[in-house]
Amino acid sequence: MSEITRKGWVVPVLLLVLVFAVAPFTLAQFGKGYFFQVANLVLIFSLLAVSLHLVTGVAGLLHLGHAAFYGIGAYVAALMGTDLKLGFLWGLPAAGLVAALFALVVALPTMRLVSIYFAVATLAIGQMINTVLLNWVAVTKGPNGVMLFSGIKLFGFAVKGPLAVYFVVAVVVVASIWVLHRLSHSYYGNALRSLREDDQCADAMGIDTVRLKIEVFTLSAFFAGLAGALWAYTTGYVSPGDFNFSNSILILAMVVVGGLGSLPGAIVGAVLLILLPEVLRGLGDLRNVMVGLVMFVSILFLPKGLFGEVSALAFVRRNLGVKWGAAPSEREVGWR
Amino acid sequence: MSLLEIENVTRRFGGLVAVDDVTTRVEAGELVGLIGPNGAGKTTLFNLISGFTALTSGAVRFKGAAIDGSKPHVIAARGMSRTFQNLRVFPNMSVFDNVSVGSVGAMGQSAFAAVFGRRGRSDAISARTWEALERVGLAEQSEELAANLSYGKRKYLEIARALAMRPDLLILDEPAAGLNDSETAELARFIRTLNDDGLAVMLVEHDMNLVMGICSRVVVLASGRKIADAEPAVVRADPAVLEAYLGVDE
Ligand SMILES: Nc1ncnc2c1ncn2[C@@H]1O[C@H](COP(=O)(O)OP(=O)(O)OP(=O)(O)O)[C@@H](O)[C@H]1O
Ligand SMILES: [Mg+2]
């Protein structure tokens, strides 16, 4: 790394320029709403992957029902927008909070379960929530889904056009990922990692492991809920199929392909697994085979992920201004 | 008031009485050895003290307050830290990050503080972590993954992580297991310096030279019962101890 990137603000500024200037400007050149839809999808799934990264990659809890909390957020936002006429500024936080509340209720009894049993419990919860979305017709409209025509309004102004919507999505996603980055790259994050490594040992270090697991599961669901609200408002339509088991697995695949425990890796995984099928659209049905093949090969040759945890942590410490470089010497190993 | 008071502590596993009516104590600043043949109940006693195993009967008090029934993290946060018989570090975390878990466990950092908190807290956690690393001589390897350290270094890493909690009592379960003679002697000197700085230590060890050489008092367990509790010279000459060790060559 050169001296300039060590300053701690260069990489963040470059990332912001990419998300808020280069990407939208480039997309606008093509002038097609479809490209913005794909960009929104990349952002939403980046948030989903990074929120799952905190639970599965950092805290080591194999969570197979993340899409269900995403779905709760989407339905809360969509139903508030249609039935209650409460728009985006209400729907967004409510989506996060309701998803978090559900996660808290689920987490209280399940967090004492050991690894594989916990995974099966989250699988079951995900299926249950999805079944409710599908069959509670009176509220969720069942398989027909919910249409949300109102669009995003901010303080009385309608956010019109794909570019403006993209900016709203980008602001929410970037702010959320910043929070998740602080959680992941801090001493709090180190405590979470110790749960993954050896939770009994963490207990002996004074860490309330059960509480911490409940906390991280709930926080992660909050951000999945926000992603759900963004999905509802950008597509204008939610249906149960978007939040089923295969979506949970897709998000998990993003985290694993990118690198378990690596936040930048989760984003890399999300970008790859959203863009790849779009790029390969011309191949028809064959594209799913290609996507599967790419995942298979990447795991085979890079089991630690495209951007593994060790290099990701070193990268974050050097470039995002969170290193602790004080005495002794200029070491870059701690967290700010 | 002693630092740690163990009173009539018993633990049964089904029909087996692993720890049988043991009463002893650790004073502030003391260095106590706990010895006994394999299966004597030493690890079980440590697990009882540190909250990993529930008592069948008896009482444990730490700094004057009852801790039996408390969760391990509560006891740890009160100032007791431990290592494990089968070396347990966090293999996929760096040396620094390993030790920082001890610091953050003792000092605490909430999710909110991690996101919005000011630097002061994190810097204090970092400083404490460096201090523990320097203490055991691992500062130079702070960026190494724990899994890549040699066995001997990992032993010190485990102790550094416990020291980062700035405990009042350190309990070590067979710290010298797997070390050669010179490494064992070095470790003994190190434990001695910790104790010289006022830290109370209770250690389980099979290496007699280590125990007799550095401990001011030795407790002997055999089949769960305490059979001796005295200075090393007295314990060494105790017929009951000699008998317990007959045929059980350490
Ligand atoms: N969780 C458990 N369930 C059943 N029996 C147990 C359990 N833990 C320990 N024991 C038994 O209790 C007895 C004491 O075991 P402990 O591990 O405390 O001995 P120790 O003195 O530490 O031995 P060593 O020197 O081999 O480490 C042994 O007979 C052991 O098999
Ligand atoms: Mg033992």
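**Salt bridges and interfaces**

Modeller: Let me start with a pair in chain B: Glu7(B) and Arg61(B) join their side chains in a salt bridge, with N and O 2.5 Å apart. Keep in mind that this is a predicted model.

Biologist: What makes the pair of Glu7(B) and Arg61(B) a salt bridge?

Modeller: The rule asks for a side-chain nitrogen of Lys or Arg within 4 Å of a carboxyl oxygen of Asp or Glu. Here the N to O distance is 2.5 Å, so the pair meets the cut-off. In general, side chains of opposite charge can pair when their charged atoms come close.

Biologist: And which parts of chain B does the pair of Glu7(B) and Arg61(B) tie together?

Modeller: Glu7(B) is in strand β1 and Arg61(B) in strand β4, so the bridge links parts 54 residues apart in sequence. Arg61(B) also forms a salt bridge with Glu5(B), where the closest N and O atoms are 3.6 Å apart. That value is also within 4 Å, so the pair counts. Glu5(B) belongs to strand β1 (residues 4-13) and Arg61(B) to strand β4 (residues 57-62), so this pair ties together parts 56 residues apart in sequence.

Biologist: How do you know whether Glu5(B) is buried or exposed?

Modeller: Buried means under 20% relative accessible area. Glu5(B) has 17%, so it counts as buried. Arg61(B) has 25%, so it is called partly exposed, and Glu7(B), with 31%, is partly exposed as well.

Biologist: Why is Lys63(B) said to form a salt bridge with Asp168(B)?

Modeller: Their closest N and O atoms are 2.5 Å apart, and the cut-off is 4 Å, so the label follows. Lys63(B) sits in the loop between β4 and β5 (65-66), and Asp168(B) in the loop between α6 (151-163) and β7, so the pair ties together parts 105 residues apart in sequence. Lys63(B) is partly exposed at 33%, as is Asp168(B) at 34%.

Biologist: Why is Gly79(B) called buried?

Modeller: Its relative accessible area is 9%, and the label needs a value under 20%, so Gly79(B) qualifies. Gly79(B) lies in the loop between α2 (72-77) and β6 (80-82) of chain B. Leaving out residues up to four places away in sequence, Gly79(B) touches Phe62(B), Lys63(B), Pro167(B), Asp168(B) and Leu169(B).

Biologist: What makes Arg135(B) and Asp197(B) a salt bridge?

Modeller: N and O are 2.8 Å apart, within the 4 Å limit, so the pair passes. One salt bridge is counted between domain 1 and domain 2 of chain B. The domain assignment gives domain 1 as 1-79 + 168-250 and domain 2 as 86-166. Between them about 1,100 Å² is buried, 65% of it from carbon and sulfur atoms.

Biologist: How many salt bridges does the rule find across the interface of chain B and chain A?

Modeller: Two. The side chains of Arg88(B) and Asp198(A) meet in a salt bridge, 2.8 Å from N to O. Around 3,500 Å² is buried between the chains, with 61% from carbon and sulfur atoms. His73(B), Val115(B) and Trp130(B) supply 17% of the area that chain B buries against chain A, more than any other three residues.

Methods. Residues are numbered from 1 along each chain as its sequence is written. Chains are lettered from A and ligands numbered from 1 in the order in which they are written. This is a predicted model: local features need pLDDT of at least 70, side-chain atom pairs count only at pLDDT 80 or more; totals for chains, interfaces and linings use all residues. Side-chain values use heavy atoms; hydrogens and water are left out. Domain bounds come from an automatic or database domain assignment. Buried area is the accessible area (1.4 Å probe) that two parts lose on being put together, summed over both. Helices (H or I, at least four residues) and strands (E, at least two) are DSSP runs, numbered from the N terminus. Buried means under 20% relative accessible area, exposed over 50%, partly exposed in between (1.4 Å probe, protein chains only). Contact means heavy atoms within 4.5 Å.
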